[in-house]
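Start with the chain as a whole and then move to particular parts.

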Amino acid sequence: MQGYGRRAGRQHTDIQQNLVSLIADAASCVGLDHDTWDTQRSGDGELSVLPTGQREELLVDDFVRELNTGLRRVNEGRKADWCIRLRLAIHHGPAWRAANGFAGSAPVTVGRLLNSDQLRQALHASDETFLAVMLSRQVYEDTVVAAHTSLEPTDFVPVRVRAKESDHVGWVRVPGLAPSVLKRVFGKKAAAAEGRKDAAAADGRDRPRQAATADSEGRVQQAGRDLTGARYGGGEGPTYVNHTTFEEGVTVDRGVIGFNFGGERNG
C-alpha cells in the first residue's frame, strides 16, 4: 500500500473508517447492499465477493460515480499529500472462502489488476485524482462494450498488465480525467495494449459474451455452446464466469472487486 505505513497511527483509524463508510455509502446510494458482500479487509484495502444477482452495470457506472463523489467530499479542504485516494479493480469469476481468505482465479486476477503499476500511475495523474478504476476484459466487454452503462468504450484506456505468470489487458478510467491525459501518463505501454486489443478484435476474441448461467463450482453453460478449451483452462469450462443478459442488464455471479488506499501523491 502506498503511503499508508507512513501515516501516524491515529490517521490509520481515520483512513480505515473512511474507507468502510465510503464504500458502504456508495453502494447504498445505487441500490447495492454492502452488508451482503463477502468481504476480506486488510486495513488499507478490501477484497469483496458480491452475491449472485447484483447488477454489474451499477457497480461499473453508478457505484464508481458515487464513490468518487464521496471521496471528493471527504478530501475537501485537505492538503494534496493527505487526501484519501483509492484504487479499484473489478472482475468476475470463480471465488470461494478458504482457510486464509479467498481462493479461486478471480481474486488472483483482481489482485494483479489492483496492484498494477498502471493503476498506481493513473491514481497520481493529478492532484484532483482521488479514484482510479481498472476493469478486467470480461467486465469491460459485458458492461461497457455491450452498452449497459452510460460510459463509452473510449472513456477507458487499455493497458497490458504482466505480473508473475499472468498477462492481462485491463481497461483504466479516472473519473473526470480525459483519456488522452491517461494515455500520456501510460505512454508506450498504452500503445502496446491498444495493438493487442486490435489483434484480439480482428480474430474474434474481443467480442462480448452471450447469456450464461453458472453453477456453484464455476462451470458455465453459455447460450449456443459451452466455453471450453485451452483458452479457458481446458476441461469443464472457463476460468472466468461471464454472466450477461442483454435484454435486462447484466448480473454478476460472484463478482470480485478490490479496493486499496492510494496514499500520498509521491508514495
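A residue counts as buried when its relative accessible area is under 20%, and as exposed when that value is over 50%. By this definition, buried residues make up 52% of the 267 residues in the protein chain. The accessible surface of the protein chain comes to about 12100 Å², and carbon and sulfur atoms account for 46% of that area.

The model is a predicted one. Its protein chain has seven helices and 14 strands. Among contacts in the protein chain with a separation of 6 or more, 70% are between residues 24 or more positions apart.

The mean pLDDT of the protein chain is 76, and 68% of its residues reach 70 or more. Among the elements, strand 7 (residues 131-135) has the highest mean pLDDT, 97, while strand 12 (residues 244-245) has the lowest, 26. Over residues 201-253 the pLDDT is below 50, although the model gives this stretch 116 contacts beyond near neighbours in sequence. Residues 263-267 also stay under 50, with 23 contacts beyond four places in sequence. Where pLDDT is low, the predicted coordinates should not be read in detail.

The buried residues are Arg-137, Gln-138, Val-139, Tyr-140, Glu-141, Asp-142, Thr-143 and Val-144. Just after helix 5, Ala-147 takes a positive phi of about 65°.

One partner of helix 5 (residues 137-145) is helix 2 (residues 56-75), and the two pack with their axes 10 Å apart at an angle of about 80°. Angles of 65 to 115 degrees count as roughly perpendicular, and helix 2 and helix 5 are therefore roughly perpendicular to each other. On the side of helix 2, the contact is made by Glu-56, Glu-57 and Val-60; helix 5 contributes Val-139, Asp-142, Thr-143 and Val-144. The residues of this contact divide into three nonpolar, one polar and three charged.

A last stop is Ala-125, in the loop between helix 4 (117-123) and strand 7. Is Ala-125 buried or partly exposed? Ala-125 has 25% relative accessibility, so it counts as partly exposed. Ala-125 and Val-174 are 49 residues apart in sequence, and their C-alpha atoms are 8.8 Å apart in space.

Definitions and conventions: Residues are numbered from 1 along each chain as its sequence is written. This is a predicted model: local features need pLDDT of at least 70, side-chain atom pairs count only at pLDDT 80 or more; totals for chains, interfaces and linings use all residues. Side-chain values use heavy atoms; hydrogens and water are left out. Axes are lines fitted to C-alpha atoms, for helices over the stretch in contact, and angles run from 0 to 180 degrees between N-to-C directions. Helices (H or I, at least four residues) and strands (E, at least two) are DSSP runs, numbered from the N terminus. Angles under 35 degrees count as roughly parallel, over 145 as roughly antiparallel, 65 to 115 as roughly perpendicular and the rest as oblique. Contact means heavy atoms within 4.5 Å. Ala, Val, Leu, Ile, Met, Phe, Trp, Tyr, Cys and Pro count as nonpolar, Asp, Glu, Lys and Arg as charged, and the others, Gly among them, as polar. pLDDT is the predictor's confidence in each residue, from 0 to 100. Buried means under 20% relative accessible area, exposed over 50%, partly exposed in between (1.4 Å probe, protein chains only). Accessible areas come from the Shrake-Rupley method with a 1.4 Å probe; for residues, only the protein chains shown count as cover.
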